[in-house]
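Student: Hi, I've got a model open and would like to walk through it with you. Can we start with a helix end and go on from there?

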Amino acid sequence: MPDAARQIDPTQPPAFGGRIRDLRRKADLTLQALADEAGISVGFLSQVERDKATPSLGTLASLAAALGVDIDVFIATPKPADSVTREGERPRFALADSSLSYERVTTSLPGGTLSSLIVHVPEGYASETTAHIGEELIIVLEGSLRQTLGDTTFVLHPGDSLHFMGDTPHAFANAGKGSARLLWTGTSPRLIGPQPGRQTDIDTNRRDQ
């Protein structure tokens, strides 16, 4: 399908430009990097993100693929029942070579930018220290958690929470006997999708404000 834009009335409510912009920023992609991956001009992408132009369905599909999401993120309306997850019915999964296991709490909400997991932390587990873009909120559901945030260490018990920006170096460990469970919610790009076309030179890593 052609990539030509159809100009829209700027007085109308925004369509999906804001969703594209949010997903791009969460994936740490510049306008240029996403435009290159989707095969469109950076000027056109800028117009789309500001809801000044509407892409064709083909271009929208290319943008979705470049952002690592399904096109339904932009065009589907979820049913209320699709937003419900049930205790005991959420499938558990784990990453290779990790003793942690997870339950996904968030669902496939079109345009959603949050990810939320219940994390099962075995006794004796200690994570590596990491830092990344995004915002995080954890609530301890069971057991005790030792959370390091920058130069400070907290011991969190059931009901305790910690809200922080992911670019602060952080790590966690099971601080008690038996397993621990925590609810993690955040905007970390690691749970949004791949980062295709990401550039590494100084100029293209500058993000628009």
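This is a predicted model: local features need pLDDT of at least 70, side-chain atom pairs count only at pLDDT 80 or more; totals for chains, interfaces and linings use all residues.

Student: OK, and which residues of α2 are buried?

Tutor: Leu31, Ala33, Leu34, Ala35 and Ala38 are buried in α2.

Student: What covers them?

Tutor: The cover over the buried residues of α2 includes α1, α3 and α4.

Student: Let's zoom in on leucine 34. What is it in contact with, leaving aside neighbours within four places in sequence?

Tutor: Leucine 34 is in contact with Ile20, Arg24, Leu29, Leu45, Leu63, Ala66 and Leu67.

Student: And which residues of the largest nonpolar core touch the most other members?

Tutor: That core has 24 residues, and Ile20, Leu34, Leu45, Leu67 and Phe74 touch the most other members. The elements giving two or more residues to this core are α1, α2, α3, α4 and α5. Apart from it there is another core, of 16 residues, including Ile138, Phe164, Ala180 and Trp184.

Student: Switching topic: how many aromatic pairs does the structure hold?

Tutor: It holds one aromatic pair. Tyrosine 125 and phenylalanine 172 form a tilted pair, 5.7 Å centre to centre with 40 degrees between the planes.

Student: Where do the two sit in the chain?

Tutor: Tyrosine 125 is in the loop between β5 and β6, while phenylalanine 172 is in strand β10. They are 47 residues apart, so the pair links distant parts of the chain.

Student: Is tyrosine 125 buried or exposed?

Tutor: Tyrosine 125 has a relative accessible area of 16%, and the cut-off for buried is under 20%, so tyrosine 125 counts as buried.

Methods
Residues are numbered from 1 along each chain as its sequence is written. Side-chain values use heavy atoms; hydrogens and water are left out. A nonpolar core is a set of buried Ala, Val, Leu, Ile, Met, Phe, Trp, Tyr and Cys residues joined through side-chain atoms within 4.5 Å. Buried means under 20% relative accessible area, exposed over 50%, partly exposed in between (1.4 Å probe, protein chains only). Helices (H or I, at least four residues) and strands (E, at least two) are DSSP runs, numbered from the N terminus. Contact means heavy atoms within 4.5 Å. Rings of Phe, Tyr and Trp (its six-membered ring) pair if their centres lie within 6.5 Å; planes under 30 degrees apart count as stacked, over 60 as edge-to-face and the rest as tilted.
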